[in-house]
Amino acid sequence: NYREAGKQKSRLVHIAHSVQYRKAMYISKTTDISKAVKVIQEGRVVAFPTGTSYGLAVNALFGHGLQRLRNIKKRPQEKTFSVFMKDSLWDTYLTITDKEKDILHQFSHTALTLLVRPKPQLEHIAQDGLIALRVIDSEIMQQLADSTNLPLTATSANISGEDAIYNPDEIETAFPGKDGTSYDLSLGCILDGGNLQPGNISTVAKYEKGEFTIIRQGSLHLS
């Protein structure tokens, strides 16, 4: 009858709109940096390749974006996020010594995360007065830093406590989003850098009193 047909048509329209909504909310793999920049400007999350594993980037100055990232990763509140930025922004957002700058230049394009002191703009992601500054070690990572002109998170693209991810297909599996929810629980897009060499992680270190303290030993060995 007409009433039942009308209900069926309404259901189909609703399903179609839901599918379109989810597609709009979850952009899949891309190599277009400008798309990723737009996603970050909207306060959403971008997966991207570092020189080790895939990471997740949001604007580190934007609290709502950081909370969205925390929700996606299921990351405990007491754990913070590493960041990366182009070196021309260091003096704007960080209080780092000349020696620390020398170290960052010496180990440019390597898997180093150096603990440094933030300026007030980034104190909200500090832990014990320090933030973890990830050295840029991939071309896509550099393009993202240059194009956004922002400090971005560099946390690994995985659910908190699980293994790092080294290819974009596994990211789609790990972060599928949820039907019927907002994009808070979905990635904005994945910058596709292909498959990375499994097993690599960055070395986390602190430099003080003329020597390195290794917090986490990764693929980079410091002399």
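Start with D169 and K29, whose side chains meet in a salt bridge with N and O 3.2 Å apart; the term means a side-chain nitrogen of Lys or Arg within 4 Å of a carboxyl oxygen of Asp or Glu. D169 sits in helix α7 (residues 168-174) and K29 in strand β1, so this pair ties together parts that are 140 residues apart in sequence. Helices here are DSSP runs of H or I with at least four residues, strands are runs of E with at least two, and both are numbered from the N terminus.

Before going on, keep in mind that this is a predicted model: local features need pLDDT of at least 70 and side-chain atom pairs count only at pLDDT 80 or more, while totals for chains, interfaces and linings use all residues. Residues are numbered from 1 along each chain as its sequence is written, and side-chain values use heavy atoms, with hydrogens and water left out.

(Buried means under 20% relative accessible area, exposed over 50%, and partly exposed in between, using a 1.4 Å probe and protein chains only.) The count comes to seven salt bridges. Another one links K101 and D91, with the closest N and O atoms 2.8 Å apart. K101 belongs to helix α5 and D91 to helix α4, so here the parts tied together are ten residues apart in sequence. D91 is partly exposed, at 46%. Then look at D137 and R134, which meet at 3.1 Å, N to O. D137 is buried at 15%, and R134 is buried at 6%.

K29's strand brings us to a sheet. Strands of a sheet pair through backbone hydrogen bonds, either parallel or antiparallel. In this one, five strands form an open sheet with mixed pairing, in the order β1-β10-β2-β3-β9; two strands count as paired if DSSP finds at least two bridges between them.

Elsewhere, β6 and β11 run parallel, joined by three bridges, and L112 has T203 in β11 as its bridge partner. β11 also runs antiparallel to strand β12 (residues 211-216), through five bridges, with E208 opposite E211. Two residues lie between the strands of this hairpin, and K209 takes a positive phi near 55° there.

What about the inside? A nonpolar core is a set of buried Ala, Val, Leu, Ile, Met, Phe, Trp, Tyr and Cys residues joined through side-chain atoms within 4.5 Å. The largest has 41 residues, and M85, L94, I171 and L187 have the most contacts inside it. Among the elements that each supply at least two residues of this core are β3, β6 (112-118) and β11 (203-208). Apart from it lies another core, of 19 residues, including V39, V46, M141 and L150.
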